[in-house]
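Subject: The structure we talked about

Hi there,

Here is the structure I promised to pass on. Have a look at it first, and my notes on what I found follow below.

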Amino acid sequence: MSYTLAKIAEHIGATVKGDESCVVEGLATLSNASKGQIAFLANAKYNGQLKDTNASAVIVSPESVEHCPCNALVMENPYLGYAKAAQLLDTTPPPASSIHDSAVISEGVSIGGNVKIGANSIIESGVKLADGVVIGAGCFIGKNAEIGVGTALWANVSVYHNVVIGSNCLVQSNTVIGSDGFGYANDKGSWIKIPQLGTVIIGDNVEIGASTTIDRGALEDTVINDGVILDNQIQIAHNVVIGQNTAIAACSVVAGSTTIGKNCVIAGLCGINGHIEIADGSVFTGMSMVTKATKAPGVYSSGIPSLPNKDWRKMNVRMRKLDEMSSQLSNLQKEIEQLTQNKLLNKEE
């Protein structure tokens, strides 16, 4: 797969400085690129690598183009250019290339045009697969589920009954969509299961990472809106609603019935409490424990960065004494206020 710089520039929205007919066949970093490859400079800390790169071309900003020793594709956001160029030069094979003979497809399944289903996948009755859907090997699609135009599922994805997935979504391997939410009632120490009667509704252009789990709703639905991106190994509990274009990084968990707004960014290993609302544009740094709602956009943190063990032990000892220290400070404040009051009274006398 190869393209001229003119073709790549057209695809990514850049201007060529240099030889438009130069042909590239792949992508690489500035330090590792060789002839026939294209690199990019999106972070100033790599400026020093630009002058020594062996790339045939580099995607750069207007501010950096004068320092580029080779052909350049000039645009305001080089990282976006890299993303679009990577899409153009992507050599990832599709999850399936045909409807495999070993796929088990029940009667009453609606299959659109150019649908591909991998080996040993199971498609149950009432399922609707729109045009261009690709189902990887070993997938399970439960009864009456719907999958929209151009959506692709990698191997061993499980989609439970009645789940609806929109168009142009991508679901990575071993993800489970529509499993039971964690609903139980306690009867004098025994747990009584509550059937989860809702489903999962996923919008368009959603990407879901490997081994992520999205639980179905208890009565109403779990909803993942358009443009959401979810990393690997995320847990989304029942009745959660995630707003458009929100991004959640790996190993974060969202408890039941929480609503997350639009355009939020949730870093890795965050824990978000149930039955709260997160405002549009909220950003949580890594390992944040979110116990209360946010009412305004902004950056929120609670994780403690790592320290040398000796320092951490000292800090932990001091934390245990915080209550005692607080009481002492309160008493000292009262004493100071009393002394100040006595001093003022003495002056008046």
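Let me begin with a loop: Ser211 sits between strand 24 (207-208) and strand 25. Strands here are DSSP runs of E with at least two residues, numbered from the N terminus. The phi angle of Ser211 is near 60°, a positive value in a residue other than glycine. Ser211 is partly exposed, with a relative accessible area of 33%; on this scale buried means under 20%, exposed over 50%, and partly exposed in between, using a 1.4 Å probe and protein chains only.

Before I go on, please keep in mind that this is a predicted model, in which local features need pLDDT of at least 70, side-chain atom pairs count only at pLDDT 80 or more, and totals for chains, interfaces and linings use all residues. Residues are numbered from 1 along each chain as its sequence is written, and side-chain values use heavy atoms, with hydrogens and water left out.

Met287 also has a positive phi, near 65°, and is a residue other than glycine. Met287 is in the loop between strand 36 (282-284) and strand 37 (289-290). With 51% relative accessibility, Met287 counts as exposed.

Now for the sheets. Strands of a sheet pair through backbone hydrogen bonds, either parallel or antiparallel. For a pair to be listed here, DSSP has to find at least two bridges between the two strands. An open sheet of nine strands has the order 9-12-15-18-23-26-29-32-35, with parallel pairing. Its edges are strand 9 (110-111) and strand 35 (277-278), each of which pairs on one side only.

Strand 7 pairs with strand 2 (residues 15-17) in the antiparallel sense over three bridges, and Thr15 is opposite Val74. Strand 7 also pairs with strand 6 (residues 57-60), this time in the parallel sense over four bridges, where Val58 is opposite Ala72.

What about the inside? A nonpolar core here is a set of buried Ala, Val, Leu, Ile, Met, Phe, Trp, Tyr and Cys residues joined through side-chain atoms within 4.5 Å. The largest one has 45 residues, and those with the most contacts inside it include Ile141, Leu153 and Ile260. If you leave aside neighbours within four places in sequence, Ile141 is in contact (heavy atoms within 4.5 Å) with Ile122, Ile123, Glu124, Val127, Ile135, Ile147, Leu153 and Val159. A second, separate core of 16 residues includes Ile8, Ala14, Cys22 and Met75.

How many salt bridges are there? With a side-chain nitrogen of Lys or Arg required within 4 Å of a carboxyl oxygen of Asp or Glu, the count comes to two. Lys51 bridges to Asp52, with the closest N and O atoms 3.1 Å apart, and both residues are exposed. Asp180 bridges to Lys193, with the closest N and O atoms 3.0 Å apart. Asp180 lies in the loop between strand 20 and strand 21 (184-187) and Lys193 in strand 22 (residues 190-193), so this pair ties together parts that are 13 residues apart in sequence. Asp180 is partly exposed at 36% relative accessibility, and Lys193 is partly exposed at 41%.

Finally, the surface. Ile99, Ile105 and Ile111 make a nonpolar patch of about 210 Å². Patches are built from residues with over 30% relative accessible area and no salt bridge, joining like charges within 9 Å and nonpolar side chains (Val, Leu, Ile, Met, Phe, Trp, Tyr) within 5 Å; the areas come from the Shrake-Rupley method with a 1.4 Å probe, and for residues only the protein chains shown count as cover. Ile105 belongs to strand 8 (residues 104-105) and is partly exposed, with a relative accessible area of 31%.

Best wishes
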